[in-house]
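Q: Hi! Could you walk me through this model with me asking as we go?

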Amino acid sequence: MSTTSFSVYLSFKVALVATSMVVLVGTALAWLLARRRFWGRTLLDVMLTLPLVLPPTVTGYYLIVLFGRNGALGKPIYELTGWTVMFTWWAAVLASFIVALPLMIKTARAAMEAVDKRYLEAATMLGYSERETTFRVLLPLSRRGLIAGAVLAFARALGEFGATLMVAGNIPGKTDTVPIAIYSAAGSGDWSQANTLVLLFTGLSALILYVTVKLVGR
Amino acid sequence: MDLDVNVKKRLDGFDLQVSFQAAPGLSVFFGDSGAGKTLTLRMIAGLLRPDEGRVTFGGEVLYDQSTRVWVRPQKRRIGFVFQHESLFPHLTVQNNILFGGRGLGKAKSRERANELLRRLSLEKLADKAPGEISGGQKQRVALARTLMQEPRALLLDEPFSALDLLNRKKMRECLAQVMRELSIPVILVTHDLVEALTLADQLLIVDDGRIVQQGPPEEIVTHPANDHVAALVDPENLRVPFLSTG
């Protein structure tokens, strides 16, 4: 596999895995924020939104503090398994996940909150439990928002650079996703390689946005 | 089987306190908007928890504050038709009706749904989306969906209020037909005097969070409890001056 195609393959693999996790976790968290009132709800909302506004390097730094070999979570994991997530492609997944998660949560939550309460009450009066109502009424009626959130998260994950560089590094053939490969190519003066990757990536991103607009409408 | 309601609720400075019995047949809640009619229905349904009181159905306690009994709305088997259309927009007419048959099993659900489609003359609309049918048809579908679960009581929150005259008439006939076939308590909320006087077995006049008078419509019209009730049910309200002959 050429270095270009490896980077493209790695980028998509990382973005797909991260997006799958984002969709599951993000939908659950969006539901929690939209449908439940609990102590610390605003704090949770703020914490989950932070990666959207923080510089990716700051998010990456937090991830090192948490998951590094001496990190709060990283240390026990390393002691138990001898494995560390740092500088593997899973670190790139982790970085993309954290950075893309708020986009899914925001979009999914807005979609769920826009579902008229009377549909949920109608299902309740027909005997459906809250869980059944969520899966059979709330989620189907939030479908467009969920798809839009997933596509946005995917696009964000695909373009992740800063936090990924902090936790996964730039290891050719191992963790060099397209954005990182472009950074190296430009840094070392390999303009033809940089051009190929840039054009490819711009085309793909435009395509993703086009599909989103078509799916969600307007 | 009677529905026995005695509830109190304070909400944003509004004080509601109602007590009544609904026997099988049609009880009509009549009064100005904001009198507490919808609020009362929501408390019977279990969508809203009263502050105090007791709701029973034929001896079964659905809610009792003093003994902390609370039956969840899902378990009450009470049908509710909302004022605004509440058909699931992602399901066809037929699937909306089938949705009402939770726990019935596929074959039985289909059979009942087909029967209801026929009885409420909705057969031609089975495969349409809710967005493609009229307001009157939507409310008929909502009624059919509610009847799927064979409710033991039916709460209708101004289901005709958004309809034009012709569709209202149709809906009334449809309701009268359903009433003949079912022998359950039905509570209809309305502020349409024609509906109140022509449909009700029992009329309950609601004003400012209280039931000020209850009884057969003719009795309330002939012996109103106070001036406000008299003004509310005055048949003169229905007279169209230029049609009167003498």
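Q: Let's start with Glu158(B): is that residue buried or exposed?
A: Happy to! This is a predicted model, and in it Glu158(B) is buried, because 21 other C-beta atoms lie within 10 Å; the cut-off for buried is 20 or more.

Q: Where does Glu158(B) sit in chain B?
A: Glu158(B) is in the loop between β8 and α5 (165-181) of chain B.

Q: And what about the phi of Glu158(B)?
A: The phi is positive, about 45°, although Glu158(B) is not a glycine. For context, most residues other than glycine have a negative phi.

Q: Which loop holds Glu150(B)?
A: Glu150(B) is found in the loop between α4 (135-147) and β8 (153-157) of chain B. Glu150(B) is not a glycine either, yet has a positive phi of about 45°.

Q: Why does Glu150(B) count as partly exposed?
A: Glu150(B) has 14 C-beta neighbours inside 10 Å, so it counts as partly exposed. The partly exposed class lies between the limits of 12 or fewer for exposed and 20 or more for buried.

Q: Switching to cores: which residues touch the most other members of the largest nonpolar core?
A: That core has 65 residues, and those with the most contacts to other members are Val28(B), Ile44(B), Ile97(B), Leu155(B) and Leu188(B).

Q: What is Ile97(B) in contact with, leaving aside neighbours within four places in sequence?
A: The partners are Ala113(B), Leu116(B), Leu117(B), Val141(B), Ala144(B), Arg145(B) and Met148(B). There is also a second, separate core of 52 residues, which includes Val99(A), Leu103(A), Ala148(A) and Leu197(A).

Q: On to helix packing in chain A. How do α8(A) and α11(A) cross?
A: Their axes come within 10 Å and cross at roughly 175°, which means α8(A) is roughly antiparallel to α11(A).

Q: Which residues make that contact?
A: From α8(A) come Arg144(A), Ile147(A), Ala148(A), Val151(A), Phe154(A) and Ala155(A). On α11(A), the contact uses Ser205(A), Ile208(A), Leu209(A), Val211(A), Thr212(A), Leu215(A) and Val216(A). By class, the contact of α8(A) with α11(A) divides into ten nonpolar, two polar and one charged.

Q: What angle do α1(A) and α5(A) pack at?
A: Helix α1 (residues 3-35) and helix α5 (residues 89-114) of chain A pack at about 40°, with axes 6 Å apart, and α1(A) and α5(A) are therefore oblique to each other. The crossing of α1(A) past α5(A) is right-handed. In that contact of α1(A) with α5(A) there are 24 nonpolar, four polar and two charged residues.

Q: Which residues of α10(A) are buried?
A: In α10 (residues 178-187) of chain A, the buried ones are Val178(A), Ile180(A), Ala181(A), Ile182(A) and Ala185(A). Their cover includes α1, α9 (162-168) and α11 (191-216) of chain A. After α10(A) comes Gly189(A), with a positive phi near 80°.

Q: Last topic, the contact of the chains: how many residues does each chain give?
A: Chain A gives 13 residues and chain B gives 17 residues.

Q: What supplies the largest share of the side of chain A that touches chain B?
A: That is α6(A), with six residues. Both α6 (117-125) and α7 (130-141) of chain A supply at least two residues each. By class, the side of chain A that touches chain B has eight nonpolar, three polar and two charged residues.

Conventions
Residues numbered from 1 in each chain as written. Chains lettered and ligands numbered in written order. Predicted model: local features only at pLDDT ≥ 70, side-chain atom pairs only at ≥ 80, totals over all residues. Axes fitted to C-alpha atoms, helices over the stretch in contact; angles between N-to-C directions. Helix = DSSP H or I, 4+ residues; strand = E, 2+ residues; numbered from the N terminus. Parallel < 35°, antiparallel > 145°, perpendicular 65-115°, else oblique. Left-handed = near helix turned anticlockwise from the far one by under 90°. Nonpolar A, V, L, I, M, F, W, Y, C, P; charged D, E, K, R; others polar. Contact = placed C-beta atoms within 7 Å. Core = buried A, V, L, I, M, F, W, Y, C linked by C-beta atoms within 7 Å.
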